[in-house]
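User: Please take a close look at one part of this model and describe the side-chain contacts there. I would like the charged pairs first, then whatever connects to them.

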Amino acid sequence: MALGSVARHLASRLAIWAPGLAVWVLAFGLALGLPGATWKAAAPPIFPWEALGPALLAIAVLSLLTPWLAWLQGPTLATRPSLALLEAPPDLLWGALLLALWPAAWGPPGLTGWLLAFLAAALPSEARWLAQAMPSEHPFPQALGRQAVSRVRRLVLARLWGRWMAARLPVWLTATLVLERVLGVPGLGTDWMTRVALRDRAGLAAWVVALALLWALSQFLDHEPA
């Protein structure tokens, strides 16, 4: 009886995951079978291992600080004009502003500057993304007092966290190319685009596998109770 229940549960989960798995298998096949040849003979780039630590730190800060801000302010955070003002500047402007304000005596901003600019560019939009997904608190639970509001926010954010991470994590890891080019640092976005330009089939396939594993992890984070 227990084995049958487990089998049914696994079958239901596989049915849910099947479309996503099919997409990742297709992406893996396309990466390995890229058409054409390189524009010029060149060795694949060395993976920027030094960028991995700052990238993981940026993800950790965003994944903790954003829900904390959403818990403090609630769904009304999405309509704050101050948040819209911080969200409006593009990554290019944040990178240029950091270069202009960075003290020359400190040397080039490097990955530390990239981390600061990335958080400044990403945090407002991520806070809006999460706050917009929260349900309205009027009239309930506001009518029940601050403690009820706080508890409901915690429950809602605990439920949204997995979906939010699943939707945004691949974007965070690959959509940093502008800041990397502005600040002149090797990063994950630059590595991805360089391998695309060089038709590095093995490197791109490794990237696809890494993102597929992140997607698989997000499915566990977003587990639906029976």
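**The salt-bridge network and its surroundings**

A network of salt bridges links Asp-191, Arg-195 and Asp-200. The model is predicted.

Asp-191 and Arg-195 are both buried. Other buried residues of α8 (residues 188-197) include Leu-188, Gly-189 and Thr-190. After α8 comes Arg-199, which has a positive phi, near 55°.

The aromatic contacts come next. Trp-192 is part of one aromatic cluster, together with Phe-47, Trp-49 and Trp-207. The structure holds 5 aromatic pairs. In the pair Phe-47 and Trp-207, the ring centres are 6.5 Å apart and the planes are at 55°, so this pair is tilted. Phe-47 sits in the loop between α1 (2-32) and α2 (52-73), and Trp-207 in helix α9 (residues 201-221), so the pair ties together parts that are 160 residues apart in sequence. Trp-207 has a relative accessibility of 8% and counts as buried.

Helix α9 also contributes to a surface feature. Phe-28, Leu-32, Val-209 and Leu-213 form a nonpolar patch on the surface, with about 350 Å² of accessible area together. Both α1 and α9 give two or more residues to this patch. Phe-28, which lies in helix α1, is partly exposed, with a relative accessible area of 33%.

Glu-87 and Arg-128 form one of them, at 2.4 Å, N to O. Glu-87 lies in helix α3 (residues 81-87) and Arg-128 in helix α5, so this pair ties together parts that are 41 residues apart in sequence. Glu-87 is partly exposed at a relative accessible area of 26%, whereas Arg-128 counts as buried at 14% relative accessibility. Another salt bridge joins Glu-126 to Arg-168, with the closest N and O atoms 2.8 Å apart. Glu-126 is in helix α5 and Arg-168 in helix α6 (residues 146-174), so the pair connects parts 42 residues apart in sequence. Glu-126 counts as buried, at 2% relative accessibility.

Conventions: Residues numbered from 1 in each chain as written. Predicted model: local features only at pLDDT ≥ 70, side-chain atom pairs only at ≥ 80, totals over all residues. Heavy atoms only, no water. Phe/Tyr/Trp six-rings, centres within 6.5 Å; stacked < 30°, edge-to-face > 60°. Helix = DSSP H or I, 4+ residues; strand = E, 2+ residues; numbered from the N terminus. Buried < 20%, exposed > 50% of the residue type's maximum accessible area, 1.4 Å probe, protein only. Patch = residues over 30% accessible without salt bridge, like charges linked within 9 Å, V, L, I, M, F, W, Y side chains within 5 Å. Areas by Shrake-Rupley, 256 points an atom, 1.4 Å probe, with all protein chains shown as cover. Salt bridge = Lys/Arg side-chain N within 4 Å of Asp/Glu carboxyl O.
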